[in-house]
Amino acid sequence: MDQEYDAIILGTGLKECLLAGLLSVDGKKILHMDRNSYYGGESASLNLKQLYEKFKPGQELPPHYGRWQDWNFDMVPKFMMGNGLLVRVLVHTGVHKYLEFKAVDGSYVVKGGKTYKVPANDKDALRSSLMGMFEKYRARSFFIFVQDYEKDDPRTHKGYDLDVITSRELFKEYGLDPNTVDFIGHALALQTDDSFMDQPARKMVMAVKLYSESLARFETNSPYIYPLYGLGELPQGFARLSAVYGGTYMLAKPDAEVVYDEAGKACGVSSEGETAKAKYVVGDPSYFPGKVRRVGQVVRAICILSHPIPNVGDSHSVQIIIPQKQTGRQSDMYVFGCSFAHNVCAKGKYLAFVSTAVETANPTAELIPGLQLLGAIDEYFVQVSDVMEPVNDGSEDGCYISKGYDATTHFQSTVEDVLEMYKKITGKDVNLDADDPAATAGQEQ
Amino acid sequence: MSTLPVMQAKLVLLGDMGAGKSSLVLRFVKGQFFEYQESTIGAAFLTQTVSVSDATVKFEIWDTAGQERYHSLAPMYYRGAAAAIIVYDIQSPSSFERAKSWVRELQRQGNANLVMALAGNKADIAEKEPEKRKVDADEAQAYADENGLFFMETSARTAANVNDLFYEIARKLPRAEPPTPAAAGVTLSAQRQSQRPKSQCC
Ligand SMILES: Nc1nc2c(ncn2[C@@H]2O[C@H](COP(=O)(O)OP(=O)(O)OP(=O)(O)O)[C@@H](O)[C@H]2O)c(=O)[nH]1
Ligand SMILES: [Mg+2]
């Protein structure tokens with residue numbers, strides 16, 4: 001370990017592993033460490049033993065759960081957009097070849113206490129029972145506008161400058177009623193709250209476009225895909241990429257600590273009496289006390305079920321969105337479901353995750369509307385996580401710190417953070433277009 | 001020409017540093033051997049296809065990429081593996097002990113019908129200089145029998161038993177396709193699978 005590296009990376013969360021992979025491929029000499037004995041940091045998938053150690057230390061594993069190895073509980077449940085940035089980075093780096101994916105069966109939205117399939121394009125709009133007759137045609141016109149919109153082709157802009165017109169104004173142009181606006185903003189554009197309404201419409205339009213193009217990519221009933229064995233495979237895949245390019249991996253280093261020079265610039269990492277030197281240090285917020293601040297909290301419940309989530313066509317994998325208006329909250333609530341078909345639990349079992357941004361002093365109670373959709377729950381585990389963010393940008397102190405994982409349903413903001421960090425570190429962009437020309441919507445987010 | 005059914009099989013290599021994992025793969029896939037094999041950089045996995053009497057097996061061979069060095073091998077390495085070769089150096093009792101601990105690890109983490117092979121590598125050395133042998137072939141054979149592995153002494157240097165090892169694995173792989181869970185997988189590639197939906201206007 002007493003060596004000199006280009007970069008030392010602390011924490012093996014998805015963001016850190018992705019950076020490790022990208023930097024290693026660039027020829028940088030990387031040392032990657034984690035305090036835990038497993039990969040994934042905050043975004044790990046824990047097996048049953050690790051889950052119990054975390055939530056119910058000292059308690060015996062119930063024998064009816066079978067082998068503890070057969071369980072993979074995502075600590076940060078999300079799905080991957082089929083045409084999103086993460087897929088593009090996977091293909092760009094070749095890491096998709098290490099993993100197996102399945103399409104997520106369905107995507108639903110709650111309205112007035114009922115769950116509806118999310119209509120995502122012009123044809124779906126006409127079939128959906130979510131809207132009345134005339135509203136369907138108005139929604140259809142809006143979808144056609146979004147589907148045809150090309151940034152570089154003014155003819156498709158229909159006279160709207162998306163950097164000027166707000167989402168609220170654009171919806172008004174199409175005469176959409178508040179319910180339709182609600183599901184487009186929250187179930188298609190996947191905005192976690194209503195702040196997008198008064199911002200330029202581009203972000204929302206591109207997000208809807210990403211959704212419908214993702215849906216088309218795999219011709220399934222949802223825009224999402226999910227890796228077998230859980231999301232924890234993603235950081236492992238990128239870590240392997242880094243290792244293949246010479247990156248050194250050390251897990252189970254509980255005392256790993258950043259070392260600073262007299263000027264206060266990070267110059268290495270120490271552990272077990274040894275110090276490794278580096279030009280800069282990259283890591284998740286937990287390794288940089290005093291250099292991060294809390295920007296929010298997310299509460300997540302992990303639930304074990306013995307049946308599929310009710311009212312979603314017995315899907316093995318599903319997302320249900322409860323828009324904030326339906327619960328009188330500021331932010332949306334998300335339900336994710338997956339099952340033994342994804343090698344994340346024992347045969348016959350199902351996992352469901354309910355998550356939302358914390359708004360009150362009793363976060364667990366906030367999850368009730370989501371938990372109520374699940375039917376009987378065998379056992380559940382609740383975790384409240386702080387979402388941390390770096391105070392500085394790393395240019396002065398040599399500390400490049402990732403942001404915590406937000407409440408969004410997919411990895412768009414996760415990968416954006418990584419691409420920004422990569423740019424700060426190397427001064428250049430990752431050119432994703434060269435490898436996956438099919439994807440166009442993701443990058444404009 | 002008769003066409004045999006083609007099976008895809010992920011094969012992982014495990015073993016102590018320097019036991020000869022990369023050299024065995026290189027010998028099998030490219031027919032090469034390097035006296036001073038660099039520690040493995042730049043290849044995530046190599047593929048090689050072999051035909052046995054009733055099937056063609058396409059091996060996807062995963063080298064450890066050095067991640068095992070500090071006990072940091074990711075569980076994804078074993079996921080879905082159909083076969084594992086656990087390699088030790090016949091000159092090194094500690095590498096044999098390490099091989100046994102890999103076997104235990106695989107029994108714990110690996111899939112139930114994983115085909116495991118134990119390879120006592122660098123057999124060429126014992127042939128020339130018998131006193132350099134520190135792990136007895138009978139002892140390794142007995143260990144393999146007890147644990148349901150099959151065993152061969154190999155030499156990546158002379159190629160002795162290298163192809164045999166992989167062909168024997170190909171023969172031992174369970175023939176029935178594993179039951180496919182509910183939905184089929186999706187393939188990610190640079191090419192999108194379907195045309196993007198264009199509305200039917202204009
Ligand atoms: N004489 C002899 N030397 C061998 C044989 N196989 C490998 N070697 C030598 O042993 C050394 C290590 O071989 P590698 O193939 O790199 O071993 P490895 O298990 O891949 O090692 P790591 O990647 O570092 O874990 C190299 O110098 C090889 O040339 C063999 O069958 N006979
Ligand atoms: Mg090697």
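**Helix packing and ligand contacts**

Modeller: In this predicted model, helix H3 (residues 85–93) of chain A packs against helix H13 (residues 412–426) of chain A at an angle of about 55 degrees, with the axes 8 Å apart.

Biologist: What makes up the contact of H3(A) with H13(A), by class?

Modeller: There are five nonpolar residues, one polar and one charged.

Biologist: What is the arrangement of helix H7 (residues 178–188) of chain A and helix H8 (residues 202–218) of chain A?

Modeller: Their axes come within 9 Å and cross at roughly 70 degrees. The range for roughly perpendicular is 65 to 115 degrees, and H7(A) and H8(A) are therefore roughly perpendicular to each other. The crossing of H7(A) and H8(A) is left-handed.

Biologist: Which residues make the contact of H7(A) and H8(A)?

Modeller: H7(A) supplies A:Ile184, A:Ala187 and A:Leu188, and H8(A) supplies A:Met204, A:Ala207, A:Val208 and A:Tyr211. Seven are nonpolar, none polar and none charged; Tyr counts as nonpolar.

Biologist: What makes H2(B) roughly parallel to H4(B)?

Modeller: Helix H2 (residues 93–109) of chain B and helix H4 (residues 137–146) of chain B pack at about 5 degrees, with axes 12 Å apart. The limit for roughly parallel is under 35 degrees, so H2(B) is roughly parallel to H4(B). B:Phe96, B:Lys100 and B:Val103 of H2(B) meet B:Glu139, B:Ala140 and B:Tyr143 of H4(B). By class, four of these residues are nonpolar, none polar and two charged.

Biologist: How many residues surround ligand 1?

Modeller: There are 23, and the closest are B:Ser23, B:Phe34, B:Glu35, B:Asp124 and B:Ala156.

Biologist: How do you know that B:Ser23 makes a polar contact with ligand 1?

Modeller: A side-chain N or O atom of B:Ser23 is 2.5 Å from an oxygen atom of ligand 1, and the cut-off for such a pair is within 3.5 Å. For B:Lys21, a backbone N or O atom lies 2.9 Å from an oxygen atom of ligand 1. For B:Arg69, a side-chain N or O atom is 3.2 Å from an oxygen atom of ligand 1.

Terms used
Residues numbered from 1 in each chain as written. Chains lettered and ligands numbered in written order. Predicted model: local features only at pLDDT ≥ 70, side-chain atom pairs only at ≥ 80, totals over all residues. Heavy atoms only, no water. Axes fitted to C-alpha atoms, helices over the stretch in contact; angles between N-to-C directions. Helix = DSSP H or I, 4+ residues; strand = E, 2+ residues; numbered from the N terminus. Parallel < 35°, antiparallel > 145°, perpendicular 65-115°, else oblique. Left-handed = near helix turned anticlockwise from the far one by under 90°. Contact = heavy atoms within 4.5 Å. Near = heavy atom within 4 Å. Polar contact = N/O pair within 3.5 Å; in protein donor to acceptor, adjacent residues only side chain to side chain.
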